[in-house]
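Open the structure in your viewer and keep the selection tool ready. We will go stop by stop, picking a few residues each time.

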Amino acid sequence: MLCSLQEDLKAHNISIGRDRFYDLLRRHGLLLRKSKRRAYTTNSYHHYHKYPNLIRGLIPNGPSQVLVSDITYVWIKGNDSFAYLSLVTDMYSRKIVGFDVSGSLEATGALRALKKATRGLKAHGCIHHSDRGVQYCCDKYIKHLNKCRMAISMTENGDPLENPIAERVNRTIKEEFTNDKTISFSSLAEAKKELPQFINFYNTKRPHRSVEMMTPEKAHQKTGELKRCWKTYYRKRPEVALEKLN
């Protein structure tokens, strides 16, 4: 950039070195900001079957009725790459019931999180809700859902409000457990060691306004509608009966 300006600078009898030139631009806010890298976790352009949204308007009245899944990313600053956190959350209690930290976006990470969530779960009649990403539509993932006799539900329009609980949990984990609102680790091994500690704190220590100021762990032991102390994502529709879940 400086080379291309040399003729103009000489014409005005200005002599300036590269470092001083860039310091001057920086001081006046004239440097172009480097765009931040972003990891994309959802690829909905695939040949696998996509399922309809079964939870629109539905309000669960107990745990293990609806599980919501999503994938978020964390930055590995040691090698300027990303790790991927797959989460499965109980919609009623907000408890994270399954998770996995992986170095890739392959479906194996999401599947490991699902298997943890369904271990010991009487899943018959439970709804599994996710976006239409290839990880959730692929044969191995659908096979496990069918094995557990879970109803399969997916977003239909790519709108985050179709999977708000999962989106909110992702944001909470990423924003509330670090000072700079950006989770970063020096290595994948460090991410695998520390993220479970974040999740344990989230489940057992952090009260939620959306579950009567209980922790997700405590709310998970309840039944009956929980009073929410803030805006609900779902409008109550009496015609949507929970016999779907039985």
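Predicted model: local features only at pLDDT ≥ 70, side-chain atom pairs only at ≥ 80, totals over all residues.

**Stop 1: two helices**

Select helix H3, residues 107-118.

Now show the side chains in the contact. On H3, pick Ala 110, Leu 111, Leu 114, Lys 115 and Thr 118. On H5, pick Lys 140, Tyr 141, His 144 and Leu 145. Colour them by type. Five of these contact residues are nonpolar, two are polar and two are charged.

**Stop 2: a salt-bridge network**

Side chains of opposite charge can pair when their charged atoms come close. How many salt bridges does the structure hold? There are four.

Select Arg 56, Glu 156 and Glu 162 together. Salt bridges link these three residues in a network.

Take Glu 156 and Arg 56 first. Their side chains meet in a salt bridge, at 3.3 Å from N to O. Glu 156 sits in the loop between strand E5 (151-154) and helix H6 (164-176). Arg 56 sits in the loop between helix H2 (18-27) and strand E1 (66-76). The pair therefore ties together parts that are 100 residues apart in sequence. Glu 156 is partly exposed, at 31% relative accessible area. Arg 56 is also partly exposed, with 40% relative accessibility.

Now move to Glu 162. Arg 56 forms a salt bridge with Glu 162 as well, and here the closest N and O atoms are 3.1 Å apart. Glu 162 lies in the loop between E5 and H6, while Arg 56 lies in the loop between H2 and E1, so this pair ties together parts that are 106 residues apart in sequence. Is Glu 162 buried or exposed? Its relative accessible area is 9%, so Glu 162 is buried.

**Stop 3: another salt bridge**

Select Lys 95 and Glu 217. Their side chains meet in a salt bridge, at 3.1 Å from N to O. Trace the chain from one residue to the other. Lys 95 is in the loop between strand E2 (81-90) and strand E3 (96-102). Glu 217 is in helix H8, residues 216-219. The pair links distant parts of the chain, 122 residues apart. Lys 95 counts as buried, at 16% relative accessibility. Glu 217 is partly exposed, at 26%.

**Stop 4: aromatic rings**

How many aromatic pairs does a search of the whole structure find? It finds three.

Select Tyr 73 and Phe 82. Their rings form an edge-to-face pair. The centres are 5.2 Å apart, with 85° between the planes. Tyr 73 counts as partly exposed, at 22% relative accessibility. Phe 82 counts as buried, at 13%.

Finish with Phe 185 and Phe 198. Their ring centres are 6.4 Å apart and their planes are at 35°, so this pair is tilted. Phe 185 belongs to strand E6, residues 184-185. Phe 198 belongs to helix H7, residues 188-204.

Conventions. Residues numbered from 1 in each chain as written. Heavy atoms only, no water. Axes fitted to C-alpha atoms, helices over the stretch in contact; angles between N-to-C directions. Helix = DSSP H or I, 4+ residues; strand = E, 2+ residues; numbered from the N terminus. Contact = heavy atoms within 4.5 Å. Nonpolar A, V, L, I, M, F, W, Y, C, P; charged D, E, K, R; others polar. Buried < 20%, exposed > 50% of the residue type's maximum accessible area, 1.4 Å probe, protein only. Phe/Tyr/Trp six-rings, centres within 6.5 Å; stacked < 30°, edge-to-face > 60°.
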